[in-house]
Amino acid sequence: MGSTKLTKEKSRKAAIYKGAECLNCGHPLKLTDKYCSNCSQLNSTKQLSINDFFNEFFSSLYTYDSRLRYTIKDLLFKPGVITRNYVAGQRLKYANPFRFYLSVSIIYFILLGLTSGDDTSIKVNGEPIDLTENVSEEITNPTIESNTYFNADSLNREIDSIIKTNTIAIKEKESKKEETTYLSEVELDTISWSTQTVKRIAMYREFYNETKIKNPDKALDSLKHNKNRWNTWLYSKNNTMDRVTENPGVFLNYMLGKIPFFLFFFAPFFAFFFWLLYSRKKYNYMEHLVFIFHIFSFSFLAAIIAYFPDLLLGDSNIVTAVVYLIIGPFYFYKALRNFYKQKRATTLFKFVIINLMFFIGSLIAATLFFTATAAVY
Ligand SMILES: [Zn+2]
């Protein structure tokens, strides 16, 4: 009996420890106040003890943990309801939608990065070299035939010599045939910038196809063109085109990894569209934006969850496909209905309009996105 009385007296919440002033912020308190109404600290004057210290630590950890659990649970299983609750004022129950979106997309990035970093191609001057590259028939290089044991260094030397002989052969060809004319930098300067660029692209493509030179420096050298950043970049895109057409899957994966950023920048436009489409609802722009961040968060959370069974199943991405093609649209419809609370027919109609807008919008955006991605690929 004595011991229970002792523990009761030891609790920080005990009446004997209540003070007339908050120790944290100095706000005047009544002896009946459990917490400070100004800063929400517990009204207790008890001296710090090891137990209280760790209790406080674990309780704050638990609060954070429960916010995360509520957010994940409601986001996955209550489409639209989570946004409704958040907008209606349940802020402490959930994680901040914007921060949560950033967190899940970062986790998704890390996951993608963990598995798509196995590029084993041999590089010459920073440019990946295709070892199955065709050597034109007129050129026979005795060293490459006699040498059965390659190492990376000798291989690189072989490739360089092949490129050199190839370039010489091409130059000889050029002097014989006059149909392929490569304009010089001076000649290009006489035409307008746009036609010049078109000519340059066509020329570099032709030169690339004929010589198979992948290194922009070498190519520009033999063309006697300026090795400025623009020309180098333009020429290097020949190789990008080959890589994209040879292995579209890898490029697609690369593009997938950029989607979170892409969505992030387009979210304000999406929110604006929702604001127009649901102008008769009382939600403001910020609340539409929260809805969009919740939808985006769901897509990444679902992608993260689908990632693991797909990893076990191999390269098929079947679970991700099911999530995006079947669960995704259904979830989105339910979210619209639960958040905006409109009739089934109206919701379905708006669902179609939004998807149409997404489709047209993504065509425009994808063109921009594809160009931007290919530019740095
Ligand atoms: Zn206080």
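Is Ser40 exposed or buried, and what is its relative accessible area? In this predicted model, Ser40 has a relative accessible area of 53%, and because the threshold for an exposed residue is over 50%, Ser40 is classed as exposed. The residue is placed in the loop between α1 and α2, and its backbone has a phi near 65°, a positive value in a residue other than glycine. A positive phi is also found at Lys212, where the angle is near 60° and the residue is again not glycine. Lys212 belongs to the loop between α8 (193-211) and α9, and it counts as partly exposed because its relative accessible area is 34%.

The zinc site was examined next. The zinc ion is coordinated at 2.3 Å by the SG atoms of Cys22, Cys25, Cys36 and Cys39, and the donor residues follow the sequence spacing C-x2-C-x10-C-x2-C. Of these, Cys25 and Cys39 form a pair that links distant parts of the chain, the two residues being 14 residues apart and each lying in the loop between α1 (2-10) and α2. The arrangement around the zinc ion is tetrahedral because the 4 donor atoms subtend angles of 106 to 114°. For comparison, the ideal angle for four tetrahedral donors is 109.5 degrees.

The accessibility of the coordinating cysteines was considered residue by residue. Cys22 has a relative accessibility of 4% and therefore counts as buried, and Cys36 is likewise buried, with a relative accessible area of 4%. Cys25, by contrast, counts as partly exposed at 34% relative accessibility, and Cys39 is partly exposed with a relative accessible area of 25%. The structure holds 0 disulfides.

Helix α2 covers residues 50-77 and has 28 residues, and the distance from its first C-alpha to its last reaches 40 Å, close to the 40 Å expected at 1.5 Å a residue. The buried residues of this helix are Asp52, Ser66, Thr71, Asp74 and Leu75. Thr71, which lies in α2, is buried with a relative accessible area of 1%. A polar atom of the Thr71 side chain lies 2.5 Å from the backbone oxygen of Arg67, and a polar atom of that side chain also lies 2.9 Å from the backbone nitrogen of Ala95.

The side chains of His225 and Tyr204 are joined by a polar contact of 2.9 Å. With neighbours within four places in sequence left aside, His225 is in contact with Leu183, Ser184, Glu185, Leu188, Arg200, Met203, Tyr204, Leu220 and Asn231.

Helix α10 has 18 residues and reaches 26 Å from its first C-alpha to its last, close to the 26 Å expected at 1.5 Å a residue.

Finally, Phe291 is found in helix α13, which covers residues 285-313, and Phe291 is buried with a relative accessible area of 0%. Not counting residues up to four places away in sequence, Phe291 touches Thr83, Phe274, Phe332, Ala335, Leu336, Phe339 and Tyr340. The C-alpha atoms of Phe291 and Arg84 are 8.5 Å apart in space, although the two residues are 207 residues apart in sequence.

Notes
Residues numbered from 1 in each chain as written. Predicted model: local features only at pLDDT ≥ 70, side-chain atom pairs only at ≥ 80, totals over all residues. Heavy atoms only, no water. Helix = DSSP H or I, 4+ residues; strand = E, 2+ residues; numbered from the N terminus. Expected span 1.5 Å × (residues − 1). Buried < 20%, exposed > 50% of the residue type's maximum accessible area, 1.4 Å probe, protein only. Donors = N, O, S within 2.8 Å, 3.2 Å for Na, K, Ca; no water. Tetrahedral: all angles 85-135°; square planar, octahedral: opposite > 155°, others 65-115°. Contact = heavy atoms within 4.5 Å. Polar contact = N/O pair within 3.5 Å; in protein donor to acceptor, adjacent residues only side chain to side chain. Disulfide = S-S within 2.5 Å.
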